[in-house]
Amino acid sequence: MKLPVRAGILGGGQLAKMLAISAYGLGVKPLIFAASKNDCALDAVAEFVIDDGTLGALKNFLAKCDLAVIENEFIDLLRLKNALGKTPLFPSLDCLEMVQNKLHQKTYLQKFGIPTLDFIPIKNMNDYDRCVQNLGPSLVFKREKMGFDGRGNFVCERFNKKKFLKTNSFFTGYAEPFVDFKIELAVVGAVSINGEISVFPTIETVQKDGQCHFAIVPADISEIKSKNAQEIAIDVMKRFGATGVFAVEMFYLRDGRLVVNEIAPRVHNSGHLTMNGFGISQFELHWRAVLGMSLPKKALLPKSPSLAMVNIIGKRKIKTVRNEAFNFSKPGRKLRGDFWIHWYGKWGGTFNRKLGHINCTGISVKQTLKTAQRIRNRIKI
Ligand SMILES: Nc1ncnc2c1ncn2[C@@H]1O[C@H](COP(=O)(O)OP(=O)(O)OP(=O)(O)O)[C@@H](O)[C@H]1O
Ligand SMILES: [Mg+2]
């Protein structure tokens with residue numbers, strides 16, 4: 001492919017922004033297809049198109065691109081298929097089709113023999129009682145489409161059908177048991193268009209109310225388990241026909257089993273610590289994979305004995321945060337380890353939104369995480 005490659009990114013949020021920023025260093029010119037002119041990724045590109053919902057807009061955008069990648073999988077795939085023309089898309093439409101719908105994704109995981117929690121599809125609420133009878137009284141109901149940050153999931157700790165039906169009378173998706181896992185893990189890796197595969201070390205993640213709050217490396221598991229998690233993730237990537245970065249989220253259960261929770265066919269929040277903790281970030285790895293450049297192996301070793309990433313999630317309701325300066329100059333207690341702040345520059349409300357993240361490297365996980373959390377708490381947002 002001749003340089004500069006014109007790479008279209010479908011989406012305008014923080015993942016698109018970080019993808020765009022990392023593209024330049026490889027001689028790739030990023031173009032954004034965004035939902036709104038206030039999308040934060042537009043800061044990072046010279047060329048963009050605002051989606052007006054028409055097939056023509058997407059078609060014209062894709063015609064300008066040598067290749068296209070996605071920021072998230074919640075895309076109208078029929079529209080995309082009709083607009084794509086000859087532009088290569090990573091991951092492929094087939095792959096997106098398998099992953100986009102959570103129920104289909106689960107069905108494929110089961111079909112491929114990849115360990116995952118038992119589940120029962122739900123077409124309507126007559127299935128509710130069957131789920132409780134077969135899976136037990138503590139369930140998680142997962143909506144088949146458009147779920148993220150825990151939105152779309154409903155935890156039913158007890159048999160509270162009435163309450164559930166009040167807000168979810170049109171629920172379609174599946175139910176699975178609510179598990180008291182030991183820890184949550186994510187494996188982020190990539191498959192290149194030449195079939196080369198590289199994975200980062202297994203990452204431990206901590207979610208609150210379904211939303212990722214922090215991630216650490218190394219995960220608090222044995223080396224064998226960590227390898228095992230990487231093997232499962234590689235199996236997932238091969239079976240689902242991945243190209244580019246994939247993130248595979250898993251539960252490490254108390255009985256020692258690793259089960260896949262869900263798959264993200266793209267760069268992922270759990271991989272943000274790669275930006276400062278490794279010789280290559282997940283974003284650069286993604287570009288290298290879709291451009292057919294070799295994938296580094298050594299660079300996938302951490303630069304420091306421990307890494308932490310803490311999300312900056314808005315705690316207060318503030319209208320606009322773009323270009324907001326925040327004050328780090330106050331001398332605080334001596335912080336151990338090095339840290340980096342990645343600010344997304346989002347417009348609009350702040351409450352409960354991911355506004356940025358802090359990466360930190362250090363000697364021990366405990367210290368490194370503490371430093372990242374202290375920095376987070378200095379940011380009054
Ligand atoms: N069966 C379960 N048992 C216990 N906790 C669960 C279960 N399923 C999900 N969770 C918790 O809820 C979180 C969000 O669930 P999940 O990853 O399925 O949803 P999501 O909204 O698609 O999240 P994401 O933002 O990662 O896309 C999980 O990371 C986990 O902490
Ligand atoms: Mg998840």
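Which domains does the domain assignment of the chain give?

**Figure 1. Domain assignment of the chain in the predicted model.** The assignment divides the chain into domain 1 (5-90), domain 2 (118-177) and domain 3 (183-378). Between the C-alpha centres of domain 1 and domain 2 there is a separation of 34 Å.

**Figure 2. The shell of residues around ligand 1.** Ligand 1 is surrounded by 19 residues, of which V140, F148, V179, Q207 and G210 are the closest. Domain 2 (118-177) and domain 3 (183-378) each contribute at least three residues to this shell. Among the secondary structure elements, strands β7 (139-143) and β15 (258-264) each provide at least two of the shell residues.

**Figure 3. Packing of helix α1 against helix α10.** Two packed helices are described by the angle between their axes and the distance between the axes. Helix α1 spans residues 14-24 and helix α10 spans residues 282-291; their axes approach within 9 Å and cross at roughly 65°. Because angles from 65 to 115 degrees count as roughly perpendicular, α1 is described as roughly perpendicular to α10. The crossing of α1 past α10 is right-handed. On the α1 side, the contact is formed by M18, L19, S22 and A23, and on the α10 side by F283, E284, H286 and W287. Classified by type, the residues of this contact between α1 and α10 are five nonpolar, two polar and one charged.

**Figure 4. Packing of helix α2 against helix α3.** The view shows helix α2 (residues 55-63) and helix α3 (residues 77-84), whose axes come within 8 Å and cross at roughly 50°. The two helices, α2 and α3, are therefore oblique to each other. Their crossing, that of α2 and α3, is right-handed. Residues L55, L58, K59 and L62 of α2 are in contact with R79, L80, N82, A83 and L84 of α3. By class, the contact of α2 with α3 consists of six nonpolar residues, one polar residue and two charged residues.

Note on methods:
Residues are numbered from 1 along each chain as its sequence is written. Chains are lettered from A and ligands numbered from 1 in the order in which they are written. This is a predicted model: local features need pLDDT of at least 70, side-chain atom pairs count only at pLDDT 80 or more; totals for chains, interfaces and linings use all residues. A residue is near a molecule or strand if its C-beta atom, placed from the backbone, lies within 6 Å of it. Helices (H or I, at least four residues) and strands (E, at least two) are DSSP runs, numbered from the N terminus. Domain bounds come from an automatic or database domain assignment. Axes are lines fitted to C-alpha atoms, for helices over the stretch in contact, and angles run from 0 to 180 degrees between N-to-C directions. Angles under 35 degrees count as roughly parallel, over 145 as roughly antiparallel, 65 to 115 as roughly perpendicular and the rest as oblique. A crossing is left-handed if the near helix is turned anticlockwise from the far one by less than a right angle, and right-handed if clockwise. Two residues are in contact if their C-beta atoms, placed from the backbone, lie within 7 Å. Ala, Val, Leu, Ile, Met, Phe, Trp, Tyr, Cys and Pro count as nonpolar, Asp, Glu, Lys and Arg as charged, and the others, Gly among them, as polar.
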